[in-house]
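Work through the following exercises with the sequence and the model at hand. Each task is followed by a solution in steps.

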Amino acid sequence: MERQIRYQREANLEWARQFTKQPGGERLLSCIQCGTCSGACPLSIYMDLTPRQVIALVREGFREDALRSKTIWLCASCYACAVECPQKISITDIMYRLKREAIRSNLYPKRFPIPVLAREFCEMVRRRGRNSEFWVVFRMALRSNPFVLFSMARTGWDLWRTGRLSLRKERIRRINDLQFIPAASKEVD
Amino acid sequence: MSERNGEVRIGVYICHCGVNIAATVDVRAVAEYAATLPGVVVARDYKYMCSDPGQEMIQQDIRDHQLNRVVVAACSPSLHERTFRNAVERAGLNPFFFQMVNIREHDSWVHSDREAATEKAKDLVRAAVMRVYFHKPLERRRVPVNPDVLVVGGGIAGIHAALTVANSGKRVYLVEREPTIGGHMAQFDKTFPTLDCAACILTPKMSAVKEHPNITLWTYSEVVSVDGSVGDYRVVVKRKPRYVREDLCVGCLQCIEACVFKEAKFDDEFNLGLSKRKPIYIPFPQATPKVVVIDPEACIQLRTGKCKKACLEACAERGAIDFEQKETYEEIHVGSIIIATGFQTFDPRRMPQYGYGKYPNVYTTLEVERLVNASGPTGGQVVTRDGRVPESVGIILCVGSRDERTNRWCSRVCCMTSLKLAHLIKEHTGAEVFIFYIDMRAAGKGYEEFYQRVLNEGVHFVRGRVAEITDWAMDPSEEGKLIARVEDTNTGFVRRIPLDMVVLAVGLEPQFDALNVQRLFGIGCSMDGFFLERHPKLAPSPTYTDGIFIAGVCQGPKDIPDSVMQAGYAAAEAIALADTGFFELEPNTAYIIAEECSGCKTCIPLCPYQAITFNEEKKKAFVNEVLCKGCGTCVAACPSGSIKQNLFEDEEIFSEIEGVLAYA
């Protein structure tokens with residue numbers, strides 16, 4: 001990886017300030033960069049940045065670096081970091097906030113299956129009010145790595161044959177009533 | 001071996017010191033070996049000889065086996081020789097029939113080969129056994145102690161020590177080099193972690209010193225010579241001329257107003273040159289004593305003698321100004337001395353990469369203390385030298401600390417000072433503040449909590465030592481700024497951070513003349529140049545020179561609470577010495593065999609303590625045992641071999657050498 005000097009104009013301190021004022025980010029400033037979160041995290045070995053680094057980036061205003069990282073998507077929400085954190089920082093909540101913002105700003109790592117899955121899942125629920133497993137997985141595969149469909153084909157075939165996989169697109173009645181909920185939550189956020 | 005002392009019955013005790021000795025030395029084998037040496041009646045090893053049961057074991061053996069000599073092989077005599085001498089004495093033996101062998105610092109701690117270390121321990125024990133054979137009973141001598149105390153240095157440590165001693169009813173002389181007491185603390189704005197204003201807590205103590213009936217305060221004065229020893233030090237103090245009579249000046253400051261210099265144009269030392277003063281000045285409004293001083297380098301009258309002397313006219317009524325004043329010398333007698341001469345801050349010009357002295361907006365922490373201070377040169381406005389309120393400020397830690405190229409030690413106060421200044425700068429200006437740190441060291445009551453407070457105020461903590469400060473912009477956003485180039489090891493980036501103001505957290509180091517002070521008082525220095533305490537843990541204020549104590553940063557970097565604690569400790573030691581009324585001297589003094597003395601006087605100028613006098617009547621030299629420190633210089637120099645030294649008699653030393661060289 002090529003290393004580049006970071007100029008201070010790339011740092012968005014105003015964003016960092018807002019971040020620490022909103023739910024989930026309040027205790028972020030208390031971070032003493034001890035790295036307990038990264039040590040406790042069962043997935044940190046697969047991450048491009050450790051959770052500690054993500055917090056440092058947020059605090060220093062490096063918004064894009066934080067939002068583009070795979071780390072926030074690999075977080076499995078096991079809360080091990082939050083349990084161990086000596087400063088009682090709710091790191092998992094911070095990860096969720098970053099995920100939301102990454103989707104909204106279209107800054108998530110492209111073709112990385114987890115954000116694609118999250119996006120397709122939300123999209124489908126928003127449009128139809130129900131999650132049709134086959135179609136969510138199919139769309140995720142198409143938008144991240146279509147070749148994965150070949151390796152999944154056999155399993156899919158077996159599931160379909162035994163009636164465990166439906167190709168039907170399900171939907172609920174009165175979809176407008178459901179769409180009221182995310183709209184209200186957006187107002188709060 | 002001679003039978004001079006009757007039947008010699010020696011007991012030898014080998015200490016494990018937990019595992020400190022036993023891990024490297026086979027103590028059981030050493031004890032078994034010692035038992036075979038001539039004269040040894042009993043030899044044992046034990047886990048902790050210095051403990052109560054260990055001492056009890058020795059005393060029991062003295063009674064059971066009629067021992068009349070004791071050897072303990074354990075740690076350094078400076079730690080426990082007194083312990084064992086007292087133990088032996090309590091069992092009815094003369095304490096000087098005891099010899100200590102150091103098999104910890106001299107053996108187990110410095111070797112790793114167990115077999116060789118065990119052999120070395122045997123050699124050392126054998127040497128002691130052969131030496132103790134010739135020991136003689138000796139008497140400790142007592143010298144009276146003058147209860148008066150001299151305190152050198154009028155910073156917070158000196159002030160606190162002086163007040164504590166004076167409150168116990170003893171007379172105290174407080175000598176300060178500067179025109180006022182208060183030291184560095186008087187320059188600070190607020191004190192961490194509670195943010196009390198430094199002046200509010202210091203100035204009442206300063207005036208208490210001035211008003212105290214038991215304290216003689218001599219400012220603008222220096223100790224020039226120290227003679228004598230514990231209980232009776234004779235000290236000469238030079239009182240520099242301030243050209244103003246302290247007894248007449250009331251501090252009305254009209255002379256300053258009247259001075260022919262209408263504009264102040266000389267660097268104000270108290271404000272570190274951030275403001276100007278006149279040739280006649282007072283260091284700061286709360287200076288104690290509140291007496292003006294004339295700078296002879298700046299005053300026209302003192303330089304040329306051709307001034308219309310407006311100040312003299314302004315003070316005509318009191319007549320306090322005296323251009324004829326000369327330096328005077330005062331001789332005082334004191335029983336003990338507390339040295340609290342403080343520190344100087346690191347000169348950051350020694351690290352050119354930070355541009356101090358080159359870029360006007362690079363400051364030291366001490367300068368910023370003055371800037372944020374309401375009575376400072378800017379009235380508490382934090383502004384750069386070009387008058388702007390900074391939007392971004394960087395504080396660089398460990399400037400002249402933790403660095404093999406300058407000072408190796410951690411200066412201990414800079415982390416907290418920087419946290420405090422970060423808080424104050426943010427409060428005064430609302431600037432973005434960056435702290436560049438290697439480790440945050442906030443060890444102290446309430447310190448970590450203060451660190452958390454500053455973290456939550458949104459100060460940026462960039463972990464990394466700044467490589468350089470430059471004004472070379474590589475990006476339009478950096479024009480007109482100072483740029484810190486640093487690896488931020490928290491985010492993992494090499495960053496360039498543009499700053500309006502750079503603050504260097506300069507470390508603490510010994511005063512420029514610490515070496516002279518050390519020689520003047522005959523005390524030691526540690527490797528780093530700070531004054532050496534007798535024991536780093538158990539005697540951190542007494543020195544190896546009896547009756548001289550050290551307090552404050554002159555002993556090593558420390559903050560205000562620690563300085564005050566050490567000053568109180570030094571005062572308690574001085575009070576205890578004065579209240580005991582006497583001091584017991586070690587009997588390892590030299591003595592002259594008068595019949596053999598040829599009267600050549602070789603020894604007299606060699607004695608560093610002026611302990612030898614010449615008796616003109618008898619034509620013989622004579623050693624004053626109170627003054628003799630037992631250095632042995634005269635013993636070695638005497639051409640006729642007629643000077644001997646207790647505990648270091650020829651036969652004692654020669655048998656010790658024989659013992660250490662005789663291979664088992």
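**Exercise 1.** In what order do the four strands of the open sheet in chain B stand, and is the pairing parallel or antiparallel?

Solution. The model is predicted: local features need pLDDT of at least 70, side-chain atom pairs count only at pLDDT 80 or more, and totals for chains, interfaces and linings use all residues. Residues are numbered from 1 along each chain as its sequence is written, while chains are lettered from A and ligands numbered from 1 in the order in which they are written.

Step 1. Strands (E, at least two residues) and helices (H or I, at least four) are DSSP runs numbered from the N terminus; two strands pair if DSSP finds at least two bridges between them.

Step 2. Read off the order, which is S2-S1-S3-S4 in chain B, with parallel pairing.

Step 3. Find the edges. S2 (40-46) and S4 (98-102) of chain B each have a single partner strand, so one side of each is left without a neighbour in the sheet.

Step 4. Axes here are lines fitted to C-alpha atoms, for helices over the stretch in contact, and angles run from 0 to 180 degrees between N-to-C directions.

**Exercise 2.** Describe the pairing of S1 and S3 of chain B, and the helices that lie on the sheet.

Solution. Step 1. S1 (residues 10-15) and S3 (residues 69-74) of chain B pair in the parallel sense over five bridges. B:Ile14 has B:Ala73 in S3(B) as its bridge partner.

Step 1. Helix H3 (residues 77-90) of chain B lies across S3 and S4 of chain B and runs at about 150° to S4(B). Helix H5 (residues 114-132) of chain B packs on the sheet and touches S1, S2, S3 and S4 of chain B, at about 155° to the direction of S3(B). Contact means that C-beta atoms, placed from the backbone, lie within 7 Å.

Step 2. Check the length of H5(B). Its 19 residues reach 27 Å from first C-alpha to last, close to the 27 Å expected; the expected span is 1.5 Å times one less than the number of residues.

**Exercise 3.** Which elements make up chain A, and how is the chain divided into domains?

Solution. Step 1. Chain A has 11 helices and one strand. Its C-alpha trace spans about 55 × 40 × 35 Å along the principal axes, and 28% of its 189 residues are buried.

Step 1. An automatic or database domain assignment supplies the bounds: domain 1 (8-104) and domain 2 (113-188) of chain A. Their C-alpha centres lie 28 Å apart.

Step 2. The contact takes four residues from each of domain 1 and domain 2 of chain A. On the side of domain 1 that touches domain 2, helix H5 (71-74) and helix H7 (91-104) of chain A each supply at least two residues.

Step 3. The residues on that side of domain 1 of chain A are four nonpolar, no polar and no charged. Ala, Val, Leu, Ile, Met, Phe, Trp, Tyr, Cys and Pro count as nonpolar, Asp, Glu, Lys and Arg as charged, and the others, Gly among them, as polar.

**Exercise 4.** Is A:Thr155 buried or exposed?

Solution. Step 1. A:Thr155 sits in helix H10 (residues 148-161) of chain A.

Step 1. A:Thr155 has 10 other C-beta atoms within 10 Å, so A:Thr155 is exposed.

Terms used: Two residues are in contact if their C-beta atoms, placed from the backbone, lie within 7 Å. A residue is buried if 20 or more other C-beta atoms lie within 10 Å of its own, exposed if 12 or fewer, and partly exposed in between; C-beta atoms are placed from the backbone.
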